[in-house]
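Biologist: Please show me the model. I would like to go through it one question at a time.

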Amino acid sequence: MIKTQYPRPCPIPGHPQDEDEPVLVTDSAWSRLRAWHLQAPAERLPLPVILTAWPSAWILHAAHVPGHVLTYAAVAAAVACWLTWHRYERTSPHRRMLPAEAALVAAAIGGWIAAAVTRGPLGWPGHLLTWIYLAGSIGGYAWLRRHEAVRAARQRREDAAAWTARKADWHRIAHLIGLGDFHLQKATPTLLGEELLLTSAPGSDLASRVARNSDAIAEKYAHLEGLPYGRVDISTTEFPGELIIGIRRLDPSVKGIVYHPATTPWPSPEPSPYANWFPAEATIRDPVPVGLIPETGEPMTLTLFDEIGAKAIGVHGATGSGKSTLLNDVRERVTAMTDATLVQLNGAHMGDELTWEPLAAATACGPAASDEEVRDKILAVLEWAQHLVTERSATLAETGHSVFQPTPEDRAYVIMADEVDEIVASVPGSGAILEFLASKQRKSAVCLILATQRATQKQTGGGMVRANLSQVVIGNTNRATESRHATGAEAEIPDISEYSRGRKGYFQIWDPQAKEITARGRTFLLGVPPDELAYCKRIVDARKGTRSALPVVELAVHDRQEHAPEPGAPGVSEMRARLAAARTLSERTPSAVSRSGQVPATRLPAAVPPAAGQVLLGLLASPEGTTASAAGMAIGKSKTVAYEYLTALKDQGIAELTGSGPNSRYRLAARPVHEPRQEPEQAGTSPRYLTIQALAEAVHAGLADADEATREVLEKVWEIEHRPARPHLTVVPPLPGDAGEGDAG
């Protein structure tokens, strides 16, 4: 028998620990013969019946057994076969011989035996019964071998034997790639290859840990299989101890470009196999197909609205990755919905938006950085959306719905904002409105689709926006770690560039709630390059007049200002950074910074943002100065970015570097070289950076927004600041024995 060096739960041979010893046979010949017959009873049990039927008939005939007794037995056998096969036919999961067929076979065998016992096997002219026996045995067994139920049973046995061999082969290679303690449980074929389900043995490494460090394992397995890079993925399932190895033996682009069924004229002689996914009329509650999953042939869909409300979706990808193609796929479906209306924003371009403008309720697009009218229109649309969300939330108490239910008369709105980074950077106040919409739009049937090239907090519109995205669509990026921003830097996800090999049009959908990739595939191309917009225009022209009148959004464009608009109130993330910097200043500079907290007005370098520059000036003015690490924490940036800002200030003579090695620190220079002349009337102006007291005043007066935790801290600061006996905040340093921070007294 096979022995192993340690107990293991897998009975399949092939483990590298198994000793190559011969198997000792201990069963008797009768037991082995019986097991051989029962392994395939439909094919093998008739053989002894055929071999013993003629001799048995001759013996019974010689013993003068009455033939009518065997006739009755044959009838009883036929009835018993019918009842038995009828019972198993209802309970068996596999196809079986029909009850009538089994009864006829039993009746034929019993009838021949009855005739042979009565007349003798060699009786009748020319030994007719013997010839009937020979012909019936050969023909009957050939018919039985070709019966569909017998062939299905034979195929199951062959599959089981092949699966056992496949598991044994897995054990021979598993230890070579570092998965020696994982056992193969299932292999699921896909259109491009297969997926292997593995389970770990007791005491083996954690499946989650293996999946997080799976690059080396995937490369080794691809080497063994002769596959290029990016064809093997390793992930976990919803159960601990399980792994999925996805193997793509074919390139995902083997089918070439996948054209949208609405492409007119159709570029192929064969009709689109995906036309059923795109009905002429749709609803906001239908999933929106945006591409094809090559492994399964199923649609890659986005959800705009479900039972819990509208969704906020982020679309990220480098330039040329296919974002516009995906957004056009969404526009095609939204404009076909009877209970949804499209609203378009773009802070840089206008080609796609102007093409779909006749089917949209509002379109505001163009170079927001240089065109004030575009900025005003974008801000007007955002303010309208903010008012709509607030207005619809008030109707929920009247209707009794927890979520606003869109209808053809009162539609849902799909706000599609492309180049969000340009909107946030150029349109004052847009960041705060986007954060409001992302966190409050769910119950008001206002869908939000934000597209930008990067998934960073700054590019997407703020931390509140990224935290409330229900789906994130990620395309090709220029850096492998760029996809990590979409998860909030909390999880590692595969780079879609490895899957697509850099080809445009491939995206993966990340579910932030489930923390998993839900789909990955290639988007539908709406038109033949380079005339995609011409194909989109044909769709727009065909749908003009076929839909009910759209509820047009009135763009109340602000009067053109004679001067640059004042900067909006600081956002939550910016205020947190300023608060951290101000707290650091308060702890470090009780004597160097006066009650007014003024720092000499200084012209900052162009490379340093004004908000960050004022925080850095405050840190530099402290007696201890600052370091790149502390400055980065204060302004909410990395250490590298803070070092670049401090270097720019040093090069301009505003800051100086003192000390060397670990003791080096940046301090404010004695006489900044670019200090502008201060006008007499400006002598009493407020400082250009915010202290913790100034932030408290702004939040208390409603000039700046903050979350509950920050507001509570700042309100305490305001109360302490306005006490008659304690005119300002004093920070008591912690005692040597204290483990936590000192209390404000």
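Biologist: Which helix holds Ile635?
Modeller: This is a predicted model, where local features need pLDDT of at least 70, side-chain atom pairs count only at pLDDT 80 or more, and totals for chains, interfaces and linings use all residues. Residues are numbered from 1 along each chain as its sequence is written, and side-chain values use heavy atoms, with hydrogens and water left out. Helices are DSSP runs of H or I, at least four residues long, and strands are runs of E, at least two, numbered from the N terminus. Ile635 falls in the run of residues 628–635, helix H21.

Biologist: Is Ile635 buried or exposed?
Modeller: Buried means under 20% relative accessible area, exposed means over 50%, and partly exposed lies in between (1.4 Å probe, protein chains only). Ile635 has a relative accessible area of 10%, so Ile635 is buried.

Biologist: How far apart in space are Ile635 and Ala611?
Modeller: In sequence, 24 residues separate Ile635 and Ala611. In space, C-alpha to C-alpha, the distance is 8.5 Å.

Biologist: Now helix H4. How far apart are its end C-alpha atoms?
Modeller: The expected span is 1.5 Å times one less than the number of residues. H4 has 25 residues (67–91), so H4 should span 36 Å. The model agrees: the end C-alpha atoms are apart by 37 Å.

Biologist: Which helices are among those covering the buried residues of H4?
Modeller: The buried residues of H4 are Gly67, Leu70, Ala74, Ala78 and Cys81. Contact means heavy atoms within 4.5 Å. The cover includes helix H3 (46–62) and helix H5 (99–119).

Biologist: Why are the buried residues of H6 said to be on the same side?
Modeller: The buried residues of H6 are Leu129, Thr130, Tyr133, Ser137 and Leu144. The arc is that of the directions from the helix axis to the C-beta atoms. These residues are on the same side of H6 because they cover an arc of only 100°.

Biologist: What is exposed on the other side of H6?
Modeller: The buried residues of H6 pack against helix H2 (41–44), H3, H5 and helix H7 (148–177). On the other side, the exposed residues are Trp131, Ala135 and Ile138.

Biologist: How is Trp143 classed by accessibility?
Modeller: Trp143 sits in helix H6 (residues 128–145). Its relative accessibility is 38%, so Trp143 counts as partly exposed.

Biologist: Turn to charges. How many salt bridges are there?
Modeller: Side chains of opposite charge can pair when their charged atoms come close. A salt bridge is a side-chain nitrogen of Lys or Arg within 4 Å of a carboxyl oxygen of Asp or Glu. By this rule the count is 19.

Biologist: How much helical turn separates Glu373 and Lys377?
Modeller: Their side chains meet in a salt bridge, 3.7 Å from N to O. Glu373 and Lys377 are four residues apart in helix H12 (residues 372–399), which means a separation of about one helical turn.
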